[in-house]
Structure formats: structure tokens, C-alpha cells
Amino acid sequence: MISGDIINLTDKYIAPTYARYGVELVRGEGSLLFGSDGKRYIDLGSGIAVNTFGAADKDWISAVSAQLEMLGHTSNLYYTTPQAELAAMLCEKTGMNRVFFSNSGAEANECAIKAARKYSNDKYGAGRHTIITLKGSFHGRTVTTLAATGQDSFHHDFAPFTEGFVHIEAGDLTALEKELQKGAAAFMVELIQGESGVKVLNQNFVKDAMKLCEKYDTLFIDDEVQTGNGRTGKLYCYENYGIIPDIITTAKGLGGGLPIGATMFGDKTALTLGAGKHGSTFGGNPICSAGALSVLKRLDDKLLEEVKQKGEYIKSELSGCKGVKSFSGMGLMIGIEVYGQAKDIAGECLKKGVLVLTAKDKVRLLPPLNIPEKLLKEALCILKDAIISSETKGE
Ligand SMILES: Cc1ncc(COP(=O)(O)O)c(C=O)c1O
């Protein structure tokens, strides 16, 4: 049985912002998690794309604990090896020039927005501050990243929001150019919209949008908070599109379980945020950086190939399954459109020992990148049954 005390304590003392499942998780081993009642779960969610190599990964623990023994925290008034090495490796692997470290995806995006507005202000003067984003996007929970988020449902209750954001339909190049002609600091996108249903942006739209941004000197910001760090079978998802963004943001899977955000700047904005223009007490903290460095080192071609193969395997196992309408996504970021209710399917899977996520009306899978095939197979059998029985109930 789950411990009633923890649920009561949580419900009594923690702000009620989350709809939680009635399970208390206490420990994990790779892609397996265990509840306080001893129940075993196969994890197809990775703490929402965070636990890149699953729970209690040995390499990650040794990198983090070695750093913990040396120096847990210092301020950004001083230099530290893990932070410097992480920045260098991110730049070497992406071709970007500079990195700013923060603690979350929302902060990584805030930093990108600040840099884009300053770039525009420095070069063209005040007023050219608009950030164009897409309808259906999700960029974070701060007041500014909520303003960036292109979904009306996030725009209640907290007004006034930060000014200067416009949302256009994905695929609408005419609308994009119209906004660019007015003068805009940046166009910010998730190449695969995760929260709104694992919606993959069209290749031609992205390439043409990039060209238009170049024409108007509007920065292309690529939000890779969810798609980044190997998730789609490339180190970063932009590689699937043959573009080079001006700014890339990431978080989640980079830290492998510890909070870190990174905003990577290309040529145009490498030096835009000068001394005193941005900062963070914890950003790039030695422990988080050491963990991230150990994750990044392991995201090599072999692993990325495995991610692609496992993604294909998931789709082939589930295709033709009664109750599945369609798939979306890339690599191990998969959306499953179902005839039944995604939430019911997630609940049924949980009962049977598999953790899956939902995104709007889809089932969303974001398993650890190194999930063993045997566990994946076992989990997919359970998921398949849950999808079929949910479809049958809906009949
Ligand atoms: C694409 C994208 N951007 C930004 C965020 C916000 O990240 P965080 O929750 O770390 O602030 C998320 C989180 O789900 C995300 O998926």
C-alpha cells in the first residue's frame, strides 16, 4: 500500500498545482522505478524527458558525487572546471559560440528572449522587440514565457503579461513574413511541440522560416528544452531539419536529473549579453554541470542510432494495434493518437506497472534513452492492452 501519510502531507502542505497519481515513488534502477509499496514500474516518461539514462545511473552518480566531494557550490564570481568543460563541449558539439547557464527550461528561454531583444536594440534601436512564436507552442511558466506560449488556455489569471509577443499558425509563412516586415527581434519555436501533442513542424516550413529570418535579421530561437540532448535521435533536433539556429535553448535531459538550463548563442549573439546584463546564483552550479557533462559525453553516434531504432521499434510494435490512430514524433519522443482517452490509458498502464505520459489527447512516450529492449517490449505489451481496452470501452 502507498503510505497515506505522504499523500496527506503533500495534499495538506504543497500548493495544489499538480494533479498527481496516487503513487509514492521511492527509488529507481535505470528504467525501473519502485513505489513505497514495493511495486515495480517500467518508466516510459523519464520524469518528463529528464532522466536521460534512467534513475540512479552509475556513471552519472559517480560524476555527481565526485564533484560533491570536491565543491558543491560557489558563485559565478569564480571559475569552475565542470562549468567551463560543459560549455566547451556544448559549443564543440553544436558549433555555437557561447553558453549561458541557468536552472530550468523557462529560464533558458527567458535568457534567449532577453538576448534577442538586446541584439535588436543594440543594432536597430528601441521598438523592434517583438518575439514571434507559434500557436500550440509551450515555452515555460514564468510570466514572460507564458506570454511566449501560443495557447490561450495559458493566458488567463495572470495578466498583465509581458508585452511584445505574437503567435502565428505553424506552417503559415505569409503570416510570418508579415510580422517580420513590421520588425521583430526573434522567431522562437519548438521543432516538435511536446506539451501540445508531440506535433512535428514541417521541414519545408522550418527551412523557409529560417531563410526569412535571415533576410530580415530576425533571430531564430530553437527551444530544445524537450527535444534536446539526444531525445530525437540527434544531439539536438535542429540537425533533423538542416538548419543552424541563432540561439538554442535546452534544459531537462541535459542535467540527467539535476536542474540545469543552457542558452547557446551563435555568432550574432555570442557577446550580446555583456557584464551585468544577465545572471543566476545557481546557474551552471558545479554539481549540475558535472552531471550534465557526464550525460553529454555519452550522447555519441552509437547511442543516437539506438534512440532512432528504439523509436522505430515502438512504432512497429504498436502499429496496427486496434485503438491506435496515428503516431507523431521522432526518436524516443513519441505521441500516440488513440481512439480511447489518453488519460484512461495512462491510468490503466500505471495499475499494470508502466508509467506513460499524456500530451493533450495523446499518449506521450519519453523513455530513458538507454531503456533495455526487454523492458521496452514488456511495457509495450501492457500499453497495447490498455489502448485496446480503452478503445473497446469507448464503443
Ligand atoms: C519546449 C519546452 N520549453 C520550455 C519548458 C519549460 O521548462 P521548465 O519546466 O524546465 O521551466 C518546457 C517544459 O516542459 C518545454 O517542454
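The shell around the ligand comprises four nonpolar, seven polar and three charged residues. The model described here is predicted. In total, 14 residues surround the ligand. Ser104, Gly105, Ala106, Val225 and Gln226 are the closest of these. Helix α5, which spans residues 105-124, is the largest contributor to the shell. Three residues of the shell come from α5.

The strands were examined next. An open sheet is formed by seven strands. Their order is β4-β12-β11-β10-β7-β5-β6, and the pairing is mixed. Strands β4 (98-102) and β6 (165-168) lie at the edges. Each of these two pairs on one side only. On average, neighbouring strands of the sheet are turned by 20° against each other, with direction ignored. Strand β10 covers residues 219-223, and strand β11 covers residues 247-250. The two pair in the parallel sense, over three bridges. Asp223 stands opposite Thr249 of β11.

The crossing of α7 and α8 is right-handed. On the α7 side, the contact is made by Leu173, Leu176, Glu177 and Leu180. On the α8 side, Phe205, Asp208, Ala209 and Leu212 take part. By class, the contact of α7 with α8 has six nonpolar residues and two charged ones. No polar residue is found in this contact.

The second pair consists of helix α3 (residues 58-70) and helix α9 (residues 286-298). Here the axes come within 8 Å. They cross at roughly 150°. Angles over 145 degrees count as roughly antiparallel, so α3 is roughly antiparallel to α9. The crossing of α3 and α9 is right-handed. Helix α3 contributes Asp59, Trp60, Ala63, Val64, Gln67 and Leu68 to the contact. Helix α9 contributes Pro286, Ile287, Ala290, Gly291, Leu293, Ser294 and Val295. The residues in the contact of α3 with α9 divide into nine nonpolar, three polar and one charged.

Note on methods:
Residues are numbered from 1 along each chain as its sequence is written. This is a predicted model: local features need pLDDT of at least 70, side-chain atom pairs count only at pLDDT 80 or more; totals for chains, interfaces and linings use all residues. A residue is near a molecule or strand if its C-beta atom, placed from the backbone, lies within 6 Å of it. Helices (H or I, at least four residues) and strands (E, at least two) are DSSP runs, numbered from the N terminus. Ala, Val, Leu, Ile, Met, Phe, Trp, Tyr, Cys and Pro count as nonpolar, Asp, Glu, Lys and Arg as charged, and the others, Gly among them, as polar. A crossing is left-handed if the near helix is turned anticlockwise from the far one by less than a right angle, and right-handed if clockwise. Two residues are in contact if their C-beta atoms, placed from the backbone, lie within 7 Å. Two strands pair if DSSP finds at least two bridges between them. Axes are lines fitted to C-alpha atoms, for helices over the stretch in contact, and angles run from 0 to 180 degrees between N-to-C directions. Angles under 35 degrees count as roughly parallel, over 145 as roughly antiparallel, 65 to 115 as roughly perpendicular and the rest as oblique.
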